[in-house]
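Please find below a note on the model under review. The points follow the order in which they may be checked against the coordinates.

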Amino acid sequence: MFTHTQALQYEAKPDGPDPDFARKLQEVLGGQWGEMTVATQYLLQGWNCRLPGKYKDMLLSIGTEELAHVEILVTMIDRLLDHIPLKPDASDRSKEAAAGYGQHNPQHPLTNGGGASYMDSMGNPWTGAYVTASGNLMADFHYNATAEMQGRLQVSRLYNMTDDPGVKETLKFLIARDHMHQMQWLAAIEELKADGLEGIPVPEAFPLEEEPAEFGYAFIVASDGPEAAAGRWAHGPALDGRGEMTARPIEAAADAPQLPPGDPRLFGTPQMPGQSMLQKAKDLLT
């Protein structure tokens, strides 16, 4: 059950209109790493979670908070679109209109009546394909940490793209929450390990004896870059605590593939020289 409180979690009030920045701000609303993605992702992970208790409760709590961030961004975009110029010559007639005509998103006035939409900064619609909810909390929490890192990166870039004090104040709040959420997911990953629920590799429950042992701990050097194997990923104790990380050059372990002739009814290429596809089909059937 959801309820809505009309008061915002944090103020979203620009000092002036800016349709160009409204378009930019769409990225962190409806882009791949935007608030629509993380809000629906965390909620879906929580609703699907079959483990009652702190992890499920935490997922539903943060997912609901992210919905509040969706509302903050929509409100900010709406306010940035106040007095949006509707014609090129209008941009010369007032300070508000001078905020920019050429870089605005025409869908803001045309489709949304001067409001935000669930699209990115280029007008691509937000999609549920951005959302990951695998059912494995360790895998999902790692992905969630990545989402917060990417989101904070984009909001930090936006912070340097505006001089509006009101916008900057809101962005600082979002940056701070992404900071906290990064630490939250990394802490949750450690707690999963401490609780003995999941570890590395994911899924930990898959029997290691089924893996070819020579491939489970070897970094394959497949580039002529001289330092490809110079890092921790190729040396020292394995992070799963079960072996040693090694490095070795890539090598072929199988013959070159030889595919049989395709189904002649699919008219694939090539066919035998001088032989029609119909004759080839007859030959295959006899």
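Which side chain does a polar contact of 2.8 Å join to that of Asp240?

1. The partner is Tyr217, whose side chain and that of Asp240 form a polar contact of 2.8 Å. A polar contact is a pair of N or O atoms within 3.5 Å; within protein, one must be able to donate a hydrogen and the other to accept it, and residues adjacent in sequence count only if both atoms are side-chain atoms.

2. This is a predicted model, in which local features need pLDDT of at least 70, side-chain atom pairs count only at pLDDT 80 or more, and totals for chains, interfaces and linings use all residues. Residues are numbered from 1 along each chain as its sequence is written, and side-chain values use heavy atoms, with hydrogens and water left out.

3. Asp240 lies in the loop between β2 (236-237) and β3 (244-249). Neighbours within four places in sequence aside, Asp240 is in contact (heavy atoms within 4.5 Å) with Ile200, Pro201 and Tyr217.

4. Ala133 belongs to the loop between α5 (107-110) and α6 (137-159). Residues up to four places away in sequence not counted, Ala133 touches Leu44, Gln45, Asn48 and Asp140. Asn48 is 85 residues from Ala133 along the chain, and their C-alpha atoms are separated by 7.8 Å.

5. At the start of α7, a side-chain oxygen of Asp164 comes to within 2.9 Å of the backbone nitrogen of Gly166. Just after α7, Gly196 adopts a positive phi of about 70 degrees.

Note on methods:
Helix = DSSP H or I, 4+ residues; strand = E, 2+ residues; numbered from the N terminus.
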